[in-house]
Structure formats: C-alpha cells, structure tokens
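Work through these exercises with the sequence and the 3D view side by side. Try each task before you read its solution.

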Amino acid sequence: MGESMLIEGSANAVAFEQYIEKILTPAFSEGQIVLMDNLAAHKSVRVAEVIQSRGCQLLFFSELLARLLTH
C-alpha cells in the first residue's frame with residue numbers, strides 16, 4: 001500500500017485535496033500519469049492544479065477509455 005491518511009468522519013473534497021497536496025504528490029516524479037475514477041472529490045480544480053504543478057498528467061478512467069476506443 002502507498003501513502004495513506006487517516007481522518008475522522010467521511011472524506012470530502014477538502015480532505016482529498018489535503019491528501020493529494022501534502023501526502024501523495026510530494027512522491028510524484030515529473031512526467032508521471034495520475035489515473036483517477038470519476039468521484040466528485042477527485043475532480044476539484046485544486047487537485048488538478050497540484051498534480052499538474054508537479055509536472056504530471058491527470059487522466060480520468062472515462063477519458064482513458066474514450067481514448068482507447070477511438071484508436
């Protein structure tokens with residue numbers, strides 16, 4: 001298992017943004033692709049900004065599937 005974070009209560013967009021910014025992305029390397037599902041918390045502008053600021057590309061499963069089906 002990779003980096004994890006324990007929170008009390010349910011996860012929301014703010015909690016996920018903190019996880020991405022403080023815990024997960026510091027371990028990213030430029031050029032990596034980050035693949036996420038379509039959970040609303042994953043689609044916040046801040047999540048995309050943080051991932052892209054590390055030089056990584058953010059893709060969602062639905063986008064990847066569409067790309068694969070058109071090629």
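**Exercise 1. Which residues is Val34 in contact with, leaving aside its neighbours within four places in sequence?**

Step 1. Leave aside the neighbours within four places, then list the partners of Val34: Phe28, Ile51, Cys56, Gln57, Leu58 and Leu59.
Step 2. Know your source. This is a predicted model, in which local features need pLDDT of at least 70, side-chain atom pairs count only at pLDDT 80 or more, and totals for chains, interfaces and linings use all residues. Residues are numbered from 1 along each chain as its sequence is written, and side-chain values use heavy atoms, with hydrogens and water left out.

**Exercise 2. Find the order of the elements in the protein chain.**

Step 1. Helices (H or I, at least four residues) and strands (E, at least two) are DSSP runs, numbered from the N terminus.
Step 2. Count them: the chain has 3 helices and 2 strands.
Step 3. Read from the N terminus: the order is α-β-α-β-α.

**Exercise 3. Describe how helix α1 packs with helix α2.**

Step 1. Locate the helices: α1 spans residues 13-24 and α2 spans residues 45-53.
Step 2. Use their axes, which are lines fitted to C-alpha atoms over the stretch in contact, with angles from 0 to 180 degrees between N-to-C directions. The two axes come within 9 Å and cross at roughly 5°.
Step 3. Angles under 35 degrees count as roughly parallel, over 145 as roughly antiparallel, 65 to 115 as roughly perpendicular and the rest as oblique. Therefore α1 is roughly parallel to α2.
Step 4. Name the contact residues: α1 brings Phe16, Glu17, Ile20 and Glu21, and α2 brings Arg46, Val47, Val50 and Ile51.

**Exercise 4. Is Thr25 buried or exposed?**

Step 1. Buried means under 20% relative accessible area, exposed over 50%, and partly exposed in between (1.4 Å probe, protein chains only).
Step 2. Thr25 has 2% relative accessibility, so it counts as buried.
Step 3. Not counting residues up to four places away in sequence, Thr25 touches Ile20, Val50, Ile51 and Arg54.

How values were computed:
Contact means heavy atoms within 4.5 Å.
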